[in-house]
Amino acid sequence: MKCMTLIVLMAVAVSISGLAQGRRGAPPPPPPPLEPGASPADVDKALFAAPAPLRDQATVIKWKSDFTYDTLRKGTNNLVCYDRSGFPLQPPFAVQCTSLGNLPREAQNLRAEATGDRAKSETMLKAMEADGTRVKPEYGSVWYHFSGPDKDHISPHHITIAVPGATGASLGLPENGRGGGVWIMNAGTTTAHLMIPGQ
């Protein structure tokens with residue numbers, strides 16, 4: 001329960017921070033400049049998934065075929081956003097933001113999804129989980145996902161909070177969504193995350 005309280009307090013702190021900036025009347029800092037050769041359109045598309053208070057200072061990257069990435073814009077906060085549109089197992093429009101510390105895990109995700117086969121991808125990730133090579137996400141980090149056939153027809157945005165290793169017993173939350181509230185999916189694994197109804 002302490003962990004859940006901490007997560008809620010962090011979310012509230014981010015919201016209050018954004019409101020406080022507006023109340024002080026000080027203009028927010030301008031967005032950082034793009035790296036040489038970076039496309040403004042690529043940056044804007046990736047930032048579509050970013051929450052408004054964090055968007056202007058987020059880092060933006062572009063994944064390469066070898067699962068490394070180029071930085072399009074180096075931000076000043078801990079959020080990183082990227083485009084996954086049309087990647088194997090992804091819809092035509094798919095953008096995501098998360099913590100910078102989660103990029104090694106996302107590289108593993110992309111490598112597994114590159115098979116183009118959902119079952120093979122899941123098998124690869126489960127094997128990494130079993131042999132201890134699966135990179136853990138940052139505890140309490142948020143993943144923001146937007147996807148659909150195009151930008152104007154996206155599914156309801158999907159937000160999850162990483163709680164690797166958490167179980168119903170450790171957090172005092174259910175391990176299924178039948179109750180209608182927040183619940184833990186994939187409890188007890190590195191993939192454990194909080195599911196938020198309607199998100």
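Two residues are in contact when heavy atoms of one lie within 4.5 Å of heavy atoms of the other. Keep that in mind for these close-ups of a predicted model.

View 1. Let's start in strand E1, where threonine 59 lies. Buried means under 20% relative accessible area, and threonine 59 has 6%, so it counts as buried. Which residues is threonine 59 in contact with, leaving aside its neighbours within four places in sequence? They are Thr71, Arg73, Lys74, Gly75, Asn77, Leu79, Val80, Cys81 and Leu100. With glycine 75, look for the side chain of threonine 59 reaching the backbone nitrogen at 2.8 Å.

**View 2. A disulfide between cysteine 81 and cysteine 97.** A disulfide is a covalent bond between the sulfur atoms of two cysteines. Searching the whole structure turns up one: cysteine 81 is joined to cysteine 97, with an S to S distance of 2.1 Å. Cysteine 81 belongs to strand E3 (residues 79–83) and cysteine 97 to strand E4 (residues 93–99), so the bond ties together parts that are 16 residues apart in sequence. The torsion about the S-S bond is about 110 degrees, which means the disulfide is right-handed. Are these cysteines buried or exposed? Both cysteine 81 and cysteine 97 are buried.

**View 3. Helix H4 and what covers it.** Helix H4 spans residues 103–113, and nine of its 11 residues are buried, so the rest of the structure largely encloses it. Among the buried ones are Leu103, Ala107, Leu110 and Ala112, along with Arg105 and Glu106. What covers the buried residues of H4? The cover includes strands E1, E2, E3, E4 and E5, together with helix H5 (118–131).

Conventions. Residues are numbered from 1 along each chain as its sequence is written. This is a predicted model: local features need pLDDT of at least 70, side-chain atom pairs count only at pLDDT 80 or more; totals for chains, interfaces and linings use all residues. Side-chain values use heavy atoms; hydrogens and water are left out. A disulfide is a pair of cysteine sulfur atoms within 2.5 Å. Helices (H or I, at least four residues) and strands (E, at least two) are DSSP runs, numbered from the N terminus. Buried means under 20% relative accessible area, exposed over 50%, partly exposed in between (1.4 Å probe, protein chains only). A polar contact is a pair of N or O atoms within 3.5 Å; within protein, one must be able to donate a hydrogen and the other to accept it, and residues adjacent in sequence count only if both atoms are side-chain atoms.
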